[in-house]
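Subject: Structure handover

Hello,

Please find the structure below, with its sequence. My notes on what was found follow it.

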Amino acid sequence: MKLNERQKKILQIVKENGPITGEQIASELSLTRATLRPDLSILTMTGMLEARPRVGYMYVGKKNASMLHEKLDTLTVGEFMSSAKVIHEGMTVYDAIVHLFLEDVGSLFVVGKDHALVGVLSRKDFLRAAIGNQELDSLPVNIIMTRMPNLTVCEKSETLIGAGMKLIEKQIDSMPVVEQVDGILKVVGRMTKTNMTKVLVALARDEEL
């Protein structure tokens with residue numbers, strides 16, 4: 001994986017000053033901690049940095065990081081995605097809430113004509129609808145869902161690192177895995193932070209993936 005200039009600067013700062021907190025790194029670069037969060041997460045996930053609670057970030061070293069890079073660069077979304085939880089845009093909000101909890105997921109993907117992806121529903125969307133005292137048993141989900149093109153998606157061929165960066169940068173818990181068929185985006189799976197965590201734990205334990 002190729003590092004961008006900011007990530008290279010972060011590594012140099014940590015190498016020279018570690019252990020060092022995220023706030024201190026941000027100060028060195030005249031940036032906010034929130035701005036650096038995606039870069040620090042990626043550098044930690046790839047093994048170049050180690051994050052220790054109440055201590056800060058420490059430089060691990062290029063040897064271990066390079067080995068992990070090589071492994072991560074071969075892993076794709078299609079190998080580790082979960083099955084998608086899909087509903088039709090005509091379903092009522094009430095029925096969708098029941099579906100959400102029966103499936104025990106944090107979000108539902110909404111499809112329309114030809115099973116094309118048209119939106120996503122999160123628990124926050126359902127909460128807002130409930131607080132608004134709307135008639136949930138007659139209100140269709142397409143009224144409250146987040147619509148295309150304001151959705152973050154990924155494809156089966158994308159690397160886990162690329163998908164992870166999308167989850168971090170957009171601050172979302174999951175996203176649909178799609179493929180384009182005759183100009184239509186069709187849902188073939190979902191990628192979640194839980195999927196990513198399981199892979200990282202397996203790598204840390206040197207388990208076979």
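The largest nonpolar core has 17 residues, and L160 and M191 touch the most other members. This is a predicted model, so read every value here as computed from it. Five elements, α3, α5 (77-80), α8, β8 (174-181) and α9 (193-204), each supply at least two residues of this core. The largest share, four residues, comes from α8. As background, nonpolar side chains in soluble globular proteins tend to be buried together.

Which residues does L160 contact, once its neighbours within four places in sequence are left aside? They are L75, T76, V77, F80, M191, M196 and V199.

Helix packing

Helix α8 (residues 160-170) also packs on helix α3 (residues 33-45). The angle between them is about 145°, and their axes are 10 Å apart. The crossing of the two helices is right-handed. On the α3 side the contact is made by P38, S41, I42 and M45, and on the α8 side by I161, M165, I168 and E169. By type, the residues of this contact divide into six nonpolar, one polar and one charged.

The sheet

Three strands form an open sheet in the order β7-β8-β9, and the pairing is mixed. Strands β7 and β9 (184-192) stand at the edges; each has a single partner strand, so one side of each is left without a neighbour in the sheet. The pairing of β7 with β8 is parallel and runs over two bridges. If you want a position to look at, E155 stands opposite V178 in β8.

Is the peptide bond from M148 to P149 cis or trans? It is cis, with omega near 5°.

The C-alpha atoms of M148 and V120 are separated by 8.5 Å, with the two residues 28 apart along the chain.

Backbone points to check

Most residues other than glycine have a negative phi, and most peptide bonds are trans. The cis bond from M148 to P149 has been described above. Another cis peptide bond runs from G18 to P19, with omega near -5°. P19 lies in the loop between α1 (5-17) and α2 (22-29).

R54 is not a glycine, but has a positive phi of about 65°. R54 is found in the loop between β1 (49-52) and β2 (56-59), and counts as exposed because its relative accessibility is 89%. D114, also not a glycine, has a positive phi of about 60°. The loop between β4 (107-111) and β5 (117-122) holds D114, which counts as partly exposed because its relative accessibility is 45%.

Regards

Technical notes. Residues are numbered from 1 along each chain as its sequence is written. This is a predicted model: local features need pLDDT of at least 70, side-chain atom pairs count only at pLDDT 80 or more; totals for chains, interfaces and linings use all residues. Side-chain values use heavy atoms; hydrogens and water are left out. Axes are lines fitted to C-alpha atoms, for helices over the stretch in contact, and angles run from 0 to 180 degrees between N-to-C directions. A crossing is left-handed if the near helix is turned anticlockwise from the far one by less than a right angle, and right-handed if clockwise. Contact means heavy atoms within 4.5 Å. Ala, Val, Leu, Ile, Met, Phe, Trp, Tyr, Cys and Pro count as nonpolar, Asp, Glu, Lys and Arg as charged, and the others, Gly among them, as polar. Buried means under 20% relative accessible area, exposed over 50%, partly exposed in between (1.4 Å probe, protein chains only). A nonpolar core is a set of buried Ala, Val, Leu, Ile, Met, Phe, Trp, Tyr and Cys residues joined through side-chain atoms within 4.5 Å. Two strands pair if DSSP finds at least two bridges between them.
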